[in-house]
Amino acid sequence: MVYDVIIIGAGPAGLTAAIYASRARLHTLLIEKSGCGGHMTVTDQLENYPGFNGGINGFDLAVKLEEQAKDFGAKIIYDEVTNIEDGKIKRVVTVNTSYQTKTIIIASGTHIKKMNIPGESAFIGKGVSFCATCDAPFYKNKNVAVIGGGDSAIQEAIYLSKFARNITIIHRRASLKATKILQERLLSYSNISVIYDSVPIEIIGKDVVEKIKIANIKTNNVEEVKTDGVFVFIGLLPNTDFLADITLDNKGYIVTDENMNTSIVGIFACGDVRKKHLRQVVTAASDGAQAAVSVGHYIETL
Ligand code: NDP
């Protein structure tokens, strides 16, 4: 059988594309590697998603989007896409099988960037974490370091403050990158402090994390900060390794036009995986809607 559209990735972009494509009565298959929702499933509160004054839990929103897509008729399967092949009829190759389709929407999102310093990999699960909502309860009344100065680092540091005794944010610049409302909010937490102009160079411990070694980039001074945990939030990298011929930017994000067309006709991209300025759940949803509508227009021309 040949699908009208195969969507790769079930984050907010892919799920929204599935809702729009199914409502347009396109025969829609959504392929997801792990679980629906993507990064937002580990976000405690999305307080800037329109319509939910006071915030909505990221996992809860993901469940609602998944139900909505299924109710309109989208089929969701769990498998990992390893390749896509262009042609009049395109092929999406997965670990287990392959599927035929007239069009493809890539909504494969991003994965967490690592620091790649000694101790980081060795202490994963023993003090190093990339998810505050998953691991914060293990740090009740303990001291933790949070690495990064963007929205994720500040939002997660605030979440950790409900559990940990003291949180030290370590940021490589002289000022934070996070949105102003998060920076303002940070000031009201007496148990959160920030060390600026500093980069982690080693995570140290015997069986579990005991210290993090940091270097001041202005003075070259090296110091060790005692900590029970290191939470790393230094950004995201695009999931584009499985793509061979599509044009990417110099950071690996997919280049599209405003209608989500990629460099290959009939292949579209949406959400965090594409080159753009603002990566939010609301912009992912917007991209997904546009991608599905563009698919509809393209199929009419076939
Ligand atoms: P960002 O890329 O925005 O921030 C990454 C931070 O880590 C920056 O401060 C960066 O420093 C620092 N950093 C990068 N590499 C290293 C390194 N090797 N060592 C030390 N520090 C490093 O990533 P986020 O995960 O915070 O956010 C990703 C996207 O998701 C953004 O678009 C963000 O707006 C969005 N988001 C939105 C939220 C919301 O609206 N509530 C919540 C969470 C994320 P530098 O500044 O020097 O580059």
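T168 is buried, with a relative accessible area of 17%. Buried means under 20% relative accessible area, exposed over 50%, and partly exposed in between, with a 1.4 Å probe and protein chains only. Beyond its neighbours within four places in sequence, T168 is in contact with V144, A145, V146, S193 and I195. Contact here means heavy atoms within 4.5 Å.

This is a predicted model, in which local features need pLDDT of at least 70 and side-chain atom pairs count only at pLDDT 80 or more, while totals for chains, interfaces and linings use all residues. Residues are numbered from 1 along each chain as its sequence is written, and side-chain values use heavy atoms, with hydrogens and water left out.

**Around T227**

T227 sits in the loop between β14 (222–226) and β15. T227 is buried, at 5% relative accessible area. A polar atom of the T227 side chain lies 3.2 Å from the backbone nitrogen of A145. Contacts of T227, leaving aside neighbours within four places in sequence, are N143, V144, A145, V209, E210, K211 and I212.

**Helix α4**

Which residues of α4 are buried? They are A153, I154, E156, A157, I158, Y159 and L160.

E156 is buried, with a relative accessible area of 8%. Leaving aside neighbours within four places in sequence, E156 is in contact with V42, A132, T133 and F233. E156 and G205 are 49 residues apart along the chain, and their C-alpha atoms are separated by 23 Å.

**The ligand shell**

Helix α4 (residues 151–160) gives the most to the shell around the ligand, with three residues. Of the 18 residues around the ligand, N48, D151, S152, R172 and R173 come nearest. A residue counts as near if one of its heavy atoms lies within 4 Å. By class, the shell has three nonpolar, nine polar and six charged residues. Ala, Val, Leu, Ile, Met, Phe, Trp, Tyr, Cys and Pro count as nonpolar; Asp, Glu, Lys and Arg count as charged; the others, Gly among them, count as polar.

Where does the ligand lie relative to domain 1 and domain 2? Domain 1 (2–111 + 236–300) and domain 2 (128–232) both give residues to the shell, so the ligand lies between them. The domain bounds come from an automatic or database assignment.

| Side chain | Ligand atom | Distance |
|---|---|---|
| S152 | oxygen | 2.7 Å |
| Q280 | oxygen | 3.0 Å |
| K177 | oxygen | 3.3 Å |

Taken alone, the ligand exposes 920 Å², and the protein buries 79% of that. These areas come from the Shrake-Rupley method with a 1.4 Å probe.

**Positive phi**

D197 has phi near 55°, a positive value in a residue other than glycine. D197 lies in the loop between β11 and β12 (198–205). D197 is buried, at 14% relative accessible area.

M260 has phi near 75°, again positive in a residue other than glycine. Its place is the loop between β16 (236–238) and β17 (267–269). M260 counts as buried at 4% relative accessibility.

Technical notes:
Polar contact = N/O pair within 3.5 Å; in protein donor to acceptor, adjacent residues only side chain to side chain. Helix = DSSP H or I, 4+ residues; strand = E, 2+ residues; numbered from the N terminus.
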